[in-house]
Amino acid sequence: MKRTIATLAAATLAAGALTLPAHADRFDPTPGAPGLNDPLFPDLGNGGYDVRHYDVSFDFTPVTYDFAAKVAITATALQDLSSFNLDTDGHLIDEVTVDGRPAAWALSPGRTGQELTVTPAEPLRNHRPFTAEVRLHGNGKAPRGGLTGWRFGPDGGFAAAVQASRADTFFPVNDHPSDKATWTFSVKVPEGYVATANGELTAKDGDVWRFEEREPMASELLGLAVVKGTYLYGTGPHALPLRHVVPQGQEEKYGPIAAETAGQIEWAEARFGRFPFSTYGVHIYPGYTDALENQTLSLFGTGWFTRPTYSNTMIHELVHQWFGDSVTPATWQDAWLNEGPAVYYAAVWAEEKGGEKLADRMRTVYGKLDAVRAKDGPPGKPKGLGGYNIYDGGALVLYALQKEIGERDFDRVMRRWVQRNKDGNASTEDFITHAVKTTHRPDLDAFLRGWLYGETNPPLEIS
């Protein structure tokens with residue numbers, strides 16, 4: 001049969017009877033969109049291409065905060081491109097090339113920073129891979145159009161804290177969580193300082209530190225830093241390599257705290273399965289005041305460790321490695337999928353360690369959330385980031401789900417969620433579908449929609 005079809009096709013072609021559609025070879029390049037229409041940040045990210053890998057070289061001078069950088073981007077065109085954009089903010093662009101050829105470029109104001117528009121010497125074809133390289137320089141303390149991701153310490157160094165839209169203050173990037181990529185970092189630092197970045201430290205050649213993040217990562221999880229610090233090493237479950245960075249000269253104070261990470265990972269793995277990355281650690285830095293789940297290297301200000309409950313915060317950022325880092329929200333309006341699990345499981349941990357009971361905390365949240373829904377939106381459709389509705393409200397959604405389906409099915413829903421979506425992106429709608437399919441309970445669709453999108457809290461008995 002196959003030979004007959006092939007013979008007929010050849011004969012038809014030979015007779016000239018078969019013609020290709022007029023549009024088959026059409027090449028119609030147009031500009032890529034300068035934003036992805038994210039519900040909360042419409043101008044973040046850029047359309048027309050998909051980044052596969054970033055190769056970042058970063059040469060930083062402490063105290064003066066001057067830097068020179070190069071970012072080489074490997075990407076695939078998603079349309080015929082006459083030009084495309086990158087998000088940037090506060091840099092001096094020196095040169096741009098595409099596929100090794102000089103490209104024209106222009107800077108324009110954006111809502112959260114600046115837009116770098118790149119026009120290749122030749123338009124790019126749909127589905128074809130291409131490379132773009134941007135050379136730049138600047139200063140960490142230079143004015144920015146949007147919020148900065150630089151955090152400065154007393155050591156003259158810095159740490160990156162870029163969530164949600166601040167990676168562009170370090171170098172041009174497609175700055176939206178939906179475009180995850182692998183990363184390579186080469187960071188040059190002077191004597192007396194150490195570099196950090198996401199992934200594994202694979203080489204140190206003189207004053208250049210090289211890191212490889214082989215698992216896909218969103219730009220908002222950037223963990224770049226140059227500090228006066230000390231690397232401490234350990235081993236987690238199933239020989240997972242651990243590496244931590246603590247303030248220089250304070251190893252005895254922070255070493256035992258960093259060492260707690262191995263047991264915390266074991267606790268989390270019992271709930272979610274194997275740790276999703278090839279390494280993990282904590283970076284404790286006096287130039288930062290908050291805590292952030294930078295992929296493979298969570299960042300903490302030193303102030304957290306003056307509190308007896310500091311391990312609750314460590315668990316919160318660790319849980320993010322599964323919920324938010326490995327499984328990343330499709331849009332920023334899906335951020336409860338990051339923060340809800342982190343708050344929920346940190347509360348579970350706190351109760352196990354003799355702290356506040358989970359039920360008591362959820363009772364408090366239940367009493368406050370209706371007013372928050374009215375002001376800031378429900379957990380699944382917030383009007384902005386960082387609100388009580390996303391954090392505690394997201395945890396309450398999970399608590400209600402656990403009460404509805406029971407502990408065993410709840411554990412299956414959460415464990416399978418991170419396993420099935422590992423290294424990818426997922427939305428609130430995906431979670432609803434997942435919960436229904438995992439439990440074989442169609443009624444959970446309406447149940448979760450009420451909790452996630454409703455104007456008021458559904459009924460809930462908390463005991």
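Is Gly 100 buried or exposed? The model is a predicted one, and in it Gly 100 has a relative accessible area of 65%. Residues count as exposed over 50%, so Gly 100 is exposed. You will find Gly 100 in the loop between β5 (92-98) and β6 (101-102). From there you can look across to Ala 121, which is 21 residues away in sequence and 10.0 Å away in space, C-alpha to C-alpha.

Now turn to Ser 83, which belongs to strand β4 (residues 81-88). With a relative accessible area of 10%, Ser 83 is buried, since the cut-off for that class is under 20%. Setting aside neighbours within four places in sequence, Ser 83 is in contact with Thr 30, Pro 31 and Gly 32, and also with Thr 117, Val 118, Thr 119 and Pro 120.

Glu 260 takes us on to the helices, as its place is the loop between α2 (251-259) and α3. The relative accessible area of Glu 260 is 29%, which makes this residue partly exposed. When residues up to four places away in sequence are not counted, Glu 260 touches Tyr 310 and Ser 311. Met 314 is 54 residues from Glu 260 in sequence, yet their C-alpha atoms are 9.3 Å apart in space.

Among the residues that make the contact are Ile 315, His 316 and Val 319 of α4, together with Pro 341, Tyr 345 and Trp 349 of α5. The contact of α4 with α5 divides into nine nonpolar, five polar and one charged residues.

Follow α5 (residues 336-352) to its packing with helix α8 (residues 407-420), where the angle is about 130° and the axes are 13 Å apart. This makes α5 oblique to α8, and their crossing is left-handed. Leu 337, Pro 341, Tyr 344 and Tyr 345 of α5 make the contact with Phe 410, Met 414 and Trp 417 of α8. Which classes of residue does the contact of α5 with α8 hold? Seven are nonpolar, with no polar and no charged residues.

Our last stop is helix α10 (residues 444-453), with buried residues Leu 444, Phe 447, Leu 448, Trp 451 and Leu 452. Because they cover an arc of only 115° around the axis, they lie on the same side of α10. What do the buried residues of α10 pack against? Their partners are α5, α6 (358-376), α7 (392-405) and α9 (428-439).

Note on methods. Residues numbered from 1 in each chain as written. Predicted model: local features only at pLDDT ≥ 70, side-chain atom pairs only at ≥ 80, totals over all residues. Heavy atoms only, no water. Axes fitted to C-alpha atoms, helices over the stretch in contact; angles between N-to-C directions. Helix = DSSP H or I, 4+ residues; strand = E, 2+ residues; numbered from the N terminus. Parallel < 35°, antiparallel > 145°, perpendicular 65-115°, else oblique. Left-handed = near helix turned anticlockwise from the far one by under 90°. Contact = heavy atoms within 4.5 Å. Nonpolar A, V, L, I, M, F, W, Y, C, P; charged D, E, K, R; others polar. Buried < 20%, exposed > 50% of the residue type's maximum accessible area, 1.4 Å probe, protein only. Arc of directions from axis to C-beta.
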